[in-house]
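Please keep the structure open while reading.

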Amino acid sequence: MCSYCGCDSIDLIGRFMDEHVEIINSRGQLRRAVEAGDAELVRERVTHLAGLLGPHTGAEEVGLFAVMKRQDEFTDYIATLCGEHTTLDELLVRIAAGEHELYEPFELALRAHIDKEDNSLFPAAAVSLAGADWTDADALTHDHDHLVGTAHHHRAVTREPSHLSPHT
């Protein structure tokens, strides 16, 4: 994961990068299940990984990506990333259905995708977005978290700046 530019100090980007670490760790559990040839365990691991990946990619798309797409120079790149989200989901479904040979392409695609976000999109966001953009991205992400039931904290950058208690 990137650590050279400091973009991870921005709350939303730091959150997404932390989630990338969780997703990569969960990917390792799936790899071991595939290598063991245990179909039931593969399905369990896919379910767990999809449970991390789905809320994560959804939050990226409705929050940070939506705000970044307001700038024309990012629209094509973000469309590519959203397409990759779909491809990753589709590969997981196929792996769970027994196409275990798709694990390697899934892992390669996942790692390449995370690299694009951590080392390209997130640093670009850090230098391209202004305060109001971050407020919008945080608010959109916060609303999405409530909609899908993702545990999160209310922070000063949300629509409710005085509300700092944890929400689950």
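Phenylalanine 106 is buried, with a relative accessible area of 0%; buried means under 20% relative accessible area, exposed over 50% and partly exposed in between, with a 1.4 Å probe and protein chains only. The model is predicted, so local features need pLDDT of at least 70 and side-chain atom pairs count only at pLDDT 80 or more, while totals for chains, interfaces and linings use all residues. Residues are numbered from 1 along each chain as its sequence is written, and side-chain values use heavy atoms, leaving out hydrogens and water.

The structure holds two aromatic pairs. Rings of Phe, Tyr and Trp (its six-membered ring) pair if their centres lie within 6.5 Å; planes under 30 degrees apart count as stacked, over 60 as edge-to-face and the rest as tilted. Phenylalanine 16 and phenylalanine 122 form a stacked pair because their ring planes meet at 25°, with the centres 6.2 Å apart. This pair links distant parts of the chain, 106 residues apart: phenylalanine 16 lies in helix H1 (residues 11–36) and phenylalanine 122 in helix H4 (residues 103–128). Helices here are DSSP runs (H or I, at least four residues), numbered from the N terminus. Phenylalanine 16 is buried at 0%, and phenylalanine 122 is buried at 0%.

The rings of tyrosine 103 and phenylalanine 106 have centres 6.3 Å apart and planes at 50°, so this pair is tilted. Both residues lie in H4, three residues apart, about one turn of the helix. Tyrosine 103 is buried, at 2%.

H4 bends by about 35° at glutamate 117, the bend being the angle between axes fitted to the seven residues ending there and the seven starting there.

Key:
Helices (H or I, at least four residues) and strands (E, at least two) are DSSP runs, numbered from the N terminus.
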